[in-house]
Structure formats: C-alpha cells, structure tokens
Amino acid sequence: MSQREWVEKDYYAELGVSKTASQDDIRKAYRKLARENHPDSNPGNAAAEDKFKRISEANDVIGDPVKRKEYDAFRAQVSSGGFSGFTPGGGSYTTTSDFDVSDLFGEGGPGGAGGFSDLFGGLFNQARAGGGAGGRSRAQRPRSGQDVETALTLSFREAALGETVQIKLSSPSPCLTCHGSGARPGTSPRVCSTCHGAGVTQRNQGAFGFAEPCTDCGGTGSKIDDPCPECSGSGVTNRTRTINVKVPAGVQDGQRIRLSGQGEAGFRGAPSGDLYVTVTVQKDAVFDRDGSDLLVDLPVSYPELVRGAQVSVPTLTGRVTVKIPAGSRADQILRVRGRGIASKSGTGDLKVTLRVVTPPAGMAEAELVAYDDALRAAGFDPRSGWAGAT
C-alpha cells in the first residue's frame with residue numbers, strides 16, 4: 001500500500017462517524033454496517049463485499065484506542081507537511097480472487113486469531129521493526145538543475161529551411177575546476193558515515209517508521225572535506241556559455257525547442273536541467289506559409305490573365321517557371337507540387353496567387369481607349385449577368 005493511499009484513507013468516513021466519536025459510537029457504527037454488508041447476507045454482491053472489507057479495516061484501526069491514537073497522530077503530522085518519506089508496512093498487500101471473507105475474522109470474530117487484526121498488526125509490527133519506507137533506505141540524491149528558457153529570432157527562410165544557430169547563455173553551469181564534483185581537484189567526496197551513503201536516516205515513532213533526509217550530509221549521501229575553492233563545494237558556477245541550437249526545418253513562430261541537459265547545472269554533479277528555446281519567426285517580404293505550404297503573391301497584368309503567360313517565381317531553394325493558363329482569373333491560385341516547406345509529415349506545395357496590377361492613369365491612354373471601344377463594339381459587357389445590373 002503506497003504512502004499516498006495511507007494518507008488519503010479516512011477510516012472515520014468509512015464508518016460514518018466523526019473524528020471525535022467515542023469508542024462506543026465507533027463500535028456501534030461498525031456493527032450496524034457489518035450486518036448490512038456481510039457476505040453471508042449479500043451473496044454474490046461484490047460491492048457489499050468490498051464495503052465489508054473496508055469497514056473491517058477501519059474498525060481494526062480506529063476501533064482500537066492505541067492504534068487510533070497512532071493513526072490520528074500520523075495523519076496530523078503528514079497533513080502539516082512532516083514525514084514525507086514514510087511508507088507504512090514497507091509495501092503493499094493485495095486481495096486475491098479466491099479471498100475468503102470469513103478469513104477476516106478468523107475463529108474468534110473481529111480481531112480474532114488468524115483474522116484481519118493479525119494482517120493489520122503485521123504491518124504495524126513491520127514498521128516497529130524498521131520496515132518503514134519499504135524496509136529500505138532510498139538515497140536523496142543531490143538536486144537536479146533547473147530548466148532554463150530563452151528566446152531566438154529567425155528569418156522566415158532560416159525557420160523554413162532549418163539552421164544551426166549559436167546563442168550565448170549566462171546561467172549556473174558545471175564548475176570547470178572540479179568538473180561538478182564540488183571537491184578540490186585531487187580530492188573526492190567521501191561517503192557519509194551517518195547515513196552510509198543512503199542520504200536518509202530512519203526514525204521510529206510508535207508504530208510508524210519514518211525516513212528523513214540525513215542532517216549530516218544534507219541528504220546527498222556524501223561529504224566534502226576539502227571543498228573546491230572556485231565553487232565552494234557546490235559544483236556549480238555562473239558563467240557564459242555558447243550553445244549550438246539546431247533548428248529543425250519547418251519550425252513555426254512560437255514553437256519551443258528542447259535541448260536536454262543544457263539548462264542549469266545540478267548540485268554536486270547531479271543532472272542538469274533542460275534548455276527551452278522559444279522561436280520567433282520574422283515576416284518575409286515575399287513568402288508566407290500555411291502549415292507546410294509556401295505562399296507567394298504573383299503580380300500579373302490583365303493581358304497575361306487573358307492570353308496566358310510563363311513567369312519565373314522564387315522558392316526557398318531557387319526559382320521555378322509557373323505557367324499561367326489563358327483565361328485565368330484574378331486571385332486564382334496555381335499549385336506547384338513539392339516546392340513548399342519540408343516537415344516531418346513531408347514537403348508541402350508552392351501556392352501562387354495571381355494578383356492583377358493595373359497600369360497607372362494616363363499610361364498608354366490611347367491604346368486603352370481603343371481597346372475599350374473594341375470590346376464595346378464586340379458586345380462585351382463586364383457586368384452582363386451581374387445581379388446588381390439594371
């Protein structure tokens with residue numbers, strides 16, 4: 001049974017009594033619930049069987065004045081933030097599928113020999129024997145370094161194609177003198193004689209065993225007799241580093257890149273944190289994007305739409321010739337397969353939007369008038385069929 005399960009168990013709630021209930025009230029509540037949920041009265045009812053087990057467990061603890069006192073003291077200390085290293089009974093117990101509910105009571109009813117009381121008492125006895133925290137000491141290793149965040153600004157092309165960029169970062173880093181050990185060069189940390197390298201010490205209180213950080217070594221499991229003069233034994237110094245950030249092709253504005261182990265250094269050689277780089281992508285004068293598709297606005301004249309044309313269009317890796325079909329429309333989109341932005345899911349397309357550019361007023365006015373007259377003479381009406389025509 002995990003530490004958290006023990007902390008969250010409310011035996012008073014299981015029996016429906018208050019925390020200030022008398023032992024007589026607890027006994028009456030248990031007997032009433034036991035009659036209602038006993039398997040003999042509810043054959044085949046799994047919910048009643050489960051309830052019966054839980055109330056029996058609750059009664060075995062708070063129904064006993066000594067165990068109740070220890071249980072109350074334990075919950076009060078845990079809720080106030082104390083004894084974070086405690087695990088009752090050194091592990092867990094499970095109920096098998098062929099569990100016989102009558103075994104809870106043994107031969108003498110609740111608390112009888114061979115019954116639930118023996119099982120629960122075994123857990124208490126194991127804690128008294130030093131079995132708290134699983135009967136094993138788990139070292140509290142030196143704390144790991146914190147994660148670090150920074151920002152990086154890229155051009156559109158750098159973000160689309162990918163780039164390796166150097167950034168300078170000032171943060172706690174492994175000490176170059178002792179290489180993060182915290183000990184003066186030529187010496188080494190020694191195993192703590194108090195906790196024997198475990199980083200924790202055991203303490204018993206009543207029926208409970210507690211594991212606490214070793215006060216002699218601060219929970220690190222080791223001691224330094226001759227600290228490094230550069231980092232004063234921490235293994236960490238503040239310095240400016242140059243880090244190569246490999247930006248993957250197709251990275252988008254606001255995306256974060258994680259560099260494992262490039263954050264703040266850990267205490268005395270503990271693992272470093274991670275570095276998170278948030279990317280800002282600048283706008284481009286020619287290109288935009290829609291996912292992995294590369295977008296380009298292509299200026300064209302009206303005659304090119306009517307008659308068709310072949311136009312050179314830029315891409316991220318060179319230029320391509322785009323054929324404008326005769327009779328194209330303004331704002332029509334032409335697609336060139338596979339010339340977009342590379343990503344994990346593949347390379348997108350180049351989407352070319354045709355934008356009509358009209359000549360300035362007065363430019364070749366005679367030719368424009370003649371062209372307009374020719375259209376009218378041929379019966380062309382640009383507003384023919386328009387819903388707003390009169």
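**Close-up views of a predicted model**

View 1. Where pLDDT is low, the predicted coordinates should not be read in detail. The mean is lowest in helix α6 (residues 116-131), at 38, and highest in strand β14 (residues 333-336), at 96. Helices (H or I, at least four residues) and strands (E, at least two) are DSSP runs, numbered from the N terminus. The protein chain averages a pLDDT of 79, and 80% of the residues score at least 70.

This is a predicted model, in which local features need pLDDT of at least 70 and side-chain atom pairs count only at pLDDT 80 or more, while totals for chains, interfaces and linings use all residues. Residues are numbered from 1 along each chain as its sequence is written, and side-chain values use heavy atoms, with hydrogens and water left out.

View 2. Arg27 belongs to helix α3 (residues 23-37). With a relative accessible area of 38%, Arg27 is partly exposed, that is, between buried (under 20%) and exposed (over 50%), for a 1.4 Å probe and protein chains only. The C-alpha atom of Arg27 is separated by 9.4 Å from that of Ile62, 35 residues apart along the chain.

**View 3. Tyr302 in helix α8.** Helix α8 (residues 302-307) contains Tyr302. Tyr302 is partly exposed, and its relative accessible area is 42%.

Conventions. pLDDT = per-residue confidence, 0-100.
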